[in-house]
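Me: I want to check the labels on this model against their cut-offs. Show it to me, and then I will ask.

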Amino acid sequence: MLEKLEKYIKENQEFVANTLDDVENFRIKYLGKKGIVNDLFEDFKNVPRENKKEVGQKLNELKTLIQNKINEFKSVFEESTTTKTGIDLSSPGEPFKTGTRHPLSIVRNEIIDIFNRIGFTISEGPEIEDDWHVFSALNFPDEHPARDMQDTFFIDNIERILLRTHTSSVQVRIMENSKPPIRTISPGRVFRNEAISARAHCIFHQVEGLYIDENVSFADLKQTLMFFAKEMFGENTKIRLRPSYFPFTEPSAEMDVACNICGGKGCNVCKYSGWLEILGCGMVDPNVLDNCGIDSKKYTGFAFGMGIERIAMLKYGINDLRLYFENDVRFLNQFKASL
Ligand code: PHE
């Protein structure tokens with residue numbers, strides 16, 4: 001029995017607790033009802049009388065040692081986990097509420113992803129621009145109404161410094177600074193002097209695309225946009241192109257997709273036409289290529305531009321543009337990003 005006691009005493013001296021749980025397990029192991037110490041006291045009854053004194057002392061030594069160990073480690077842990085303010089630092093933390101991505105960011109990322117997959121790079125440019133990059137290079141005649149104070153925020157009227165009204169200005173910069181083949185999209189924020197309502201805002205977001213190479217045709221444009229529409233709105237999406245006018249493309253078109261709310265039957269979202277307009281496009285006007293230093297006899301190209309707000313409205317059934325800018329978390333929390 002003496003040997004056993006020596007062994008336990010040694011074990012106790014070497015014991016180290018790393019957590020409060022370790023201390024508790026240690027206590028149960030030795031001092032619990034069915035613990036080692038109780039067993040030893042049971043055995044003690046059978047110790048011959050002449051050895052009782054020696055064994056009894058060792059037994060008490062062991063018990064005190066255990067008690068001290070427990071108290072020592074308990075106080076270490078209790079001190080380190082409870083601050084003066086009574087906050088238990090070891091208790092589990094409050095989970096952080098994770099934010100959600102803004103619906104415009106979600107849709108922008110989806111558009112970027114779709115065009116990335118067919119080889120379009122991403123280009124960015126300044127929001128504060130000059131007349132050349134926003135208008136003149138893009139074949140806008142001097143007296144064109146889009147240059148009017150009504151639509152454009154001018155920063156300096158004399159120098160004609162302004163907030164860009166479309167991201168076509170980025171494409172001008174790309175054409176000026178690189179050689180075909182060019183295949184790029186330019187996502188970004190644009191500004192127009194419009195009264196704010198459910199259907200119009202003075203700030204909105206666009207993704208414009210440009211593809212310039214030898215022998216680029218209108219059929220390439222149509223295929224590219226068809227691919228985009230199917231990826232964005234689903235495999236069965238139908239598109240239609242209507243003739244239109246932009247100073248920088250010839251011929252020009254607007255693209256509609258079959259209304260995804262009523263499936264083309266007609267509803268108040270598509271104003272009972274069955275179609276929703278989603279973008280403008282066309283073949284880059286040779287004047288624009290020449291303005292930007294690209295040989296229009298050798299190269300042709302197509303361009304397109306879409307509003308991210310509008311695509312997000314159609315995708316999510318949002319009916320008021322102002323919701324995008326109010327930052328009401330009850331609105332923002334509804335959208336889940338897949339990218
Ligand atoms: N830049 C045009 C706009 O802002 C969109 C567009 C881009 C149209 C390219 C045709 C070609 O409305």
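Me: What makes β2, β4 and β3 an open sheet with antiparallel pairing?
Reply: The strand order is β2-β4-β3, and the pairing is antiparallel. Strands here are DSSP runs of E, at least two residues long, and helices are runs of H or I of at least four, both numbered from the N terminus. Two strands pair if DSSP finds at least two bridges between them. β3 and β4 (residues 161-163) have 2 bridges, in the antiparallel sense. That count meets the cut-off of at least two. Within this pairing, D156 stands opposite I161 in β4.

Me: Why is one side of β2 and of β3 left without a neighbour in the sheet?
Reply: β2 (128-130) and β3 (154-156) each have a single partner strand, so they stand at the edges. From one strand to the next, the twist averages 35°. Such angles run from 0 to 180 degrees between N-to-C directions, and axes are lines fitted to C-alpha atoms, for helices over the stretch in contact.

Me: Before we go on, what kind of model is this, and how are residues numbered?
Reply: The model is predicted: local features need pLDDT of at least 70 and side-chain atom pairs pLDDT 80 or more, while totals for chains, interfaces and linings use all residues. Residues are numbered from 1 along each chain as its sequence is written, and side-chain values use heavy atoms, without hydrogens and water.

Me: What is the order of the sheet of 7 strands, and which strands are its edges?
Reply: The order is β1-β5-β6-β10-β9-β8-β7, an open sheet with mixed pairing. β1 and β7 are the edge strands, as each pairs on one side only.

Me: How do you know that β5 and β6 pair?
Reply: By the bridges. β5 (residues 182-191) and β6 share 10 of them, in the antiparallel sense. V190 stands opposite F204 in β6. Helix α7 (residues 168-177) packs on this sheet, touching β5, β6 and β10 (300-307), and its direction makes about 30° with that of β6.

Me: What joins β7 to β8, and over how many bridges do they pair?
Reply: A hairpin joins them through 2 residues. β7 (residues 239-246) and β8 (residues 249-258) pair in the antiparallel sense over 7 bridges. The bridge partner of R242 is E254 in β8.

Me: Why are α2 and α3 called roughly parallel?
Reply: Angles under 35 degrees count as roughly parallel, over 145 as roughly antiparallel, 65 to 115 as roughly perpendicular and the rest as oblique. Helix α2 (residues 20-31) and helix α3 (residues 36-44) pack at about 15°, with axes 4 Å apart. The two helices are therefore roughly parallel.

Me: Which residues make that contact?
Reply: K29, Y30 and L31 from α2, and I36, V37 and N38 from α3. Contact means heavy atoms within 4.5 Å.

Me: Why is I114 called buried?
Reply: Buried means under 20% relative accessible area, exposed over 50%, partly exposed in between (1.4 Å probe, protein chains only). I114 has 3%, so it is buried. I114 belongs to helix α5 (residues 103-117). Leaving aside neighbours within four places in sequence, I114 is in contact with F227, F228, E231 and M232. I114 and F227 are 113 residues apart along the chain, yet their C-alpha atoms are separated by 8.6 Å.

Me: What about L276: buried or exposed?
Reply: Its relative accessible area is 2%, so L276 is buried. L276 lies in strand β9 (residues 275-284). Its contacts beyond four places in sequence include M255, V257, V269 and L314.

Me: What makes F15 and F26 a stacked pair?
Reply: Rings of Phe, Tyr and Trp (its six-membered ring) pair if their centres lie within 6.5 Å; planes under 30 degrees apart count as stacked, over 60 as edge-to-face and the rest as tilted. F15 and F26 are 3.9 Å centre to centre with 10° between the planes, hence stacked. Both are buried.
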